[in-house]
Amino acid sequence: MSGEICPLAAFRAGDRGLVQPGAPEHPAFQRLLAMGLLPGSEVAVIQVAPLGDPIEIEFGGLRLSLRKSDAAAVQVLRLG
Amino acid sequence: MSKDKTRRVRIALVGNPNTGKTTLFNRLTGARQKIGNYPGVTVEKKSGPWESGGRAFTLVDLPGTYSLAASSPDERVALDFLAGHLDGEEKPDAVVCVVDASNVVRNLFLASQVADLGLPMVIALNMADAADRAGITIDPTLLSRCLGVPVVRMVATKGEGIDALGHAVAQAVDHGALMAQVPWPEAVDRAVKYLAAGLEKEGASLLAPGELRRILFDPRSAVLERAGWPAGSDPAPLLGAARDVLSAAGWHPLSAEALLRYEHLGHLTAAAVSFPEKRRRSPTERLDTVLTHRVWGLAVFVLMMFVVFQSIYRWAGPFMEAIEAVVAHVGELVAPWLAPWPALQSLVVDGVVGGVGGVIIFLPQILILFFFIALLEDTGYMARGAFLMDKMFGWCGLNGKSFVPMLSSYACAIPGVLAARTIEDPRARLTTILASPLMSCSARLPVYTLMIGAFIEPSFGAGLAGGMLFAMHVVGLAVAIPVAWTVNKFVLHTRPQPFLLEMPPYRLPRLRDIFWRMWERAREFLVRAGTVIVAMTIVIWALVYFPRPADVRERVTADLSVLNDNSAIDRAVDAAYLEQSYLARAGRALQPVFDPAGFDWKITVGVLASFPAREVIISTLGTIYGVGHDADEDSDDLRSALTRDFWTHGPRAGHPVFTVPVALAVMVFFALCLQCGATVAVMAKEAGWRWALFGFAYMTALAWLGAVLTFQLGTLWLEWSS
Ligand SMILES: Nc1nc2c(ncn2[C@@H]2O[C@H](COP(=O)(O)OP(=O)(O)OP(=O)(O)O)[C@@H](O)[C@H]2O)c(=O)[nH]1
Ligand SMILES: [Mg+2]
């Protein structure tokens, strides 16, 4: 559903969204911020690993694999 | 800047992981440090001399990091070096920040943090070739003007831009160009002043504003530790109060730095960097749709591993035979020369040629394994493997980042243990260090192939032999997971850590890099064969050759004189000498320890002699069987000697020493045992002696248990099936 805000962990392969201001207390979020996953930037989920975790995401020309427990720290606005 | 002429000017290479720092370092210094297409290849500081334009520098290669908020030990190395906190070392005179030209803004985040430490800087805009291909255009002159520091366009792999870099570095050192400062909002300045005042009151050493900002933004910053905080007092209240200044102004202290720096960098680079109108689908994206796919990705992974082990087994054959023929020929050549001195002849022919030569035969297989590992590392597949395997590692306290150390350990556990430095959580790191030596390293390959070649292939065929080799490489992994789980559950308790791993673009590996790594490994192997293994072999030979009382020969000759067959008598004499040698006596005394695993005294001795280095088992068996039969006789290979050995004493007398269960038990023992002095030493360096000894003890116990179980179950199976 376009326009819905949900954690990045809820995305499936192929979904895209805009990062929302989130919880910087989460250690993963701080590291993601340093890598440039800032509020307002676009992020896409590319693949989900065979056992459902981790996921591979893409933002700003960077491909990153991260666990769903870490992806849960990032809130995203789903794009169509 | 130091004007001291006796000290060479020191230049540090910093940058995000996998941007080509080490490639550049190797280019400039002529060194051969390891490079690879995955983040976290370099985990230690390395330095080398660099001469450019008549100036002499010392270049320092550092581990890559995304941010100075270091969270793993390798990132700490980079931070400590740049901040001048490393023991006995001052800050570098200037830094070269290696930036991936396809990801300028993200890479400059680190550069702007480094600039805050007050270090003159040059930006090396590396991988310009890849940026060109992606349609990204960058104007280095304009970018340089915007940032306030020299920017050099480079392709480190081809050596492009090296001279310009030398020039720019000399400039930076002489004129101290600093990167444009972030226009910090007033609240940040106020918080920094507050911190400075508080630190002064506490009597802590004075820090520069840039360092104070590090402490302000990064609650776990290592800089804090070095601020000379008075013992017994807690810095938390002061830091909390300083951060409250930020919060009151509407900045979250944990996200303020990233937001402010990225905003600033976005402005600075906007004019100089332009992206293609329509983003092209890169080859990496297309490959990843298959290689990280939840079904196809896994299928390709398993298939690839299967092909690797089949090839190791099959391709090596002709090369091994060639080396074997040369070794045998050398033995035949020198034997007649040394005939006047039987002891010396035996030492050279049975000991050195038979023992060490027997080890060298396995070089081709080790090289093929290295070839494949280098291929995985350089194409960028390693990170994909970590992605596919993370979940399987995760539940036992390891994580996807353990994958790289563990896979490296298939080549050799030493770089594997070192690579564990990329893991943030100290306990997950320790678990990885303890589990890595269980991965089947290339030094175990000779043992597997000897046993498989002698006992599995003849009865089950080459296809199953390759499969068996694969299985042996899985045994260690299969054991490592429950071991990690147990260590985690009862000894360490790791808490979950963020697992973020960059997936680098796929790159075509450069054959030169791959062959260089194979050559390095070959050299190391031959040096080992020429030192540790020769030394062990000479000791073993002496123990197996002596004593030589004359009455043994007389007695046997008298007993067998009726035979009238001189070569049979000679063989019997040699066998009799062997049976009363020092080694045989010691071996028989110790054999009961390994009796439940079906080992005779020769295997027992071989296993025990192999604790300094695994390959010694081959040279030991080679020497024992060499001395045990007439040296003038056409020297048989070790493989057939094994199949013709029978128990002489005890309940199994008359039965072959090596059966399929025994061969399997030997392989399992070697798969699980930590028989490598160098690995134990590296574990001690990385985790302390207590953990190294723990690792050694648990692996030895597991190995014995595994061997006994294998032999007993194998024997039961044989009885049941016949
Ligand atoms: N296309 C291209 N590839 C490059 C260039 N420079 C380096 N590489 C490749 O990039 C990969 C990473 O190189 P390294 O030198 O290991 O990178 P690093 O920055 O030392 O990495 P870490 O030690 O992990 O931080 C290797 O596969 C290199 O072959 C370049 O200029 N162009
Ligand atoms: Mg490196």
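Predicted model: local features only at pLDDT ≥ 70, side-chain atom pairs only at ≥ 80, totals over all residues.
The size of an interface is often given as the accessible area lost when the parts come together. Here, chain A and chain B bury about 3200 Å² between them, and carbon and sulfur atoms account for 60% of that area. Three arginines stand out on the chain A side: A:Arg31, A:Arg63 and A:Arg67 supply 22% of the area that chain A buries against chain B, more than any other three residues. In terms of residues, the contact draws 33 from chain A and 39 from chain B.

On chain A, the side that touches chain B receives at least two residues from each of helix H1 (27-34), strand E3 (42-48), strand E4 (55-59) and strand E5 (62-66). H1(A) gives the most to this side, with seven residues. Sorted by class, the side of chain A that touches chain B has 18 nonpolar, seven polar and eight charged residues.

Side chains of opposite charge can pair when their charged atoms come close. Over all chains, the whole structure holds 36 salt bridges, and three salt bridges are counted between chain A and chain B. One of these joins the side chains of A:Arg67 and B:Asp390, at 2.7 Å from N to O. Another salt bridge brings together the side chains of B:Asp288 and A:Arg63, with an N to O distance of 3.0 Å. This pair crosses between chains, running from helix H12 (residues 283-291) of chain B, where B:Asp288 sits, to strand E5 of chain A, which holds A:Arg63. Both arginines, A:Arg63 and A:Arg67, belong to the trio named above for its share of the buried area.

Strand E5 of chain A has a further link to its partner. E5(A) pairs with strand E9 (residues 500-502) of chain B in the antiparallel sense, over three bridges. Within this arrangement, A:Ser65 stands opposite B:Leu501 in E9(B).

Looking at chain B as a whole, four domains are assigned: domain 1 (9-175), domain 2 (186-250), domain 3 (296-442 + 462-492) and domain 4 (517-721). Between domain 1 and domain 4 of chain B, the C-alpha centres lie 51 Å apart.

A few backbone details complete the picture. In chain A, a cis peptide bond joins A:Asp53 and A:Pro54, with omega at about -10 degrees; A:Pro54 is placed in the loop between E3 and E4 of chain A. Chain B has a cis peptide bond between B:Phe546 and B:Pro547, where omega is about -5 degrees. B:Pro547 is found in the loop between helix H22 (511-545) and helix H23 (550-560) of chain B. Finally, B:Asn18 is not a glycine, yet has a positive phi of about 65 degrees. B:Asn18 lies in the loop that connects strand E1 (9-15) and helix H1 (21-29) of chain B.

Technical notes: Residues numbered from 1 in each chain as written. Chains lettered and ligands numbered in written order. Heavy atoms only, no water. Contact = heavy atoms within 4.5 Å. Buried area = accessible area lost by both parts, 1.4 Å probe. Salt bridge = Lys/Arg side-chain N within 4 Å of Asp/Glu carboxyl O. Helix = DSSP H or I, 4+ residues; strand = E, 2+ residues; numbered from the N terminus. Nonpolar A, V, L, I, M, F, W, Y, C, P; charged D, E, K, R; others polar. Pairing = 2+ DSSP bridges. Domains from an automatic or database assignment.
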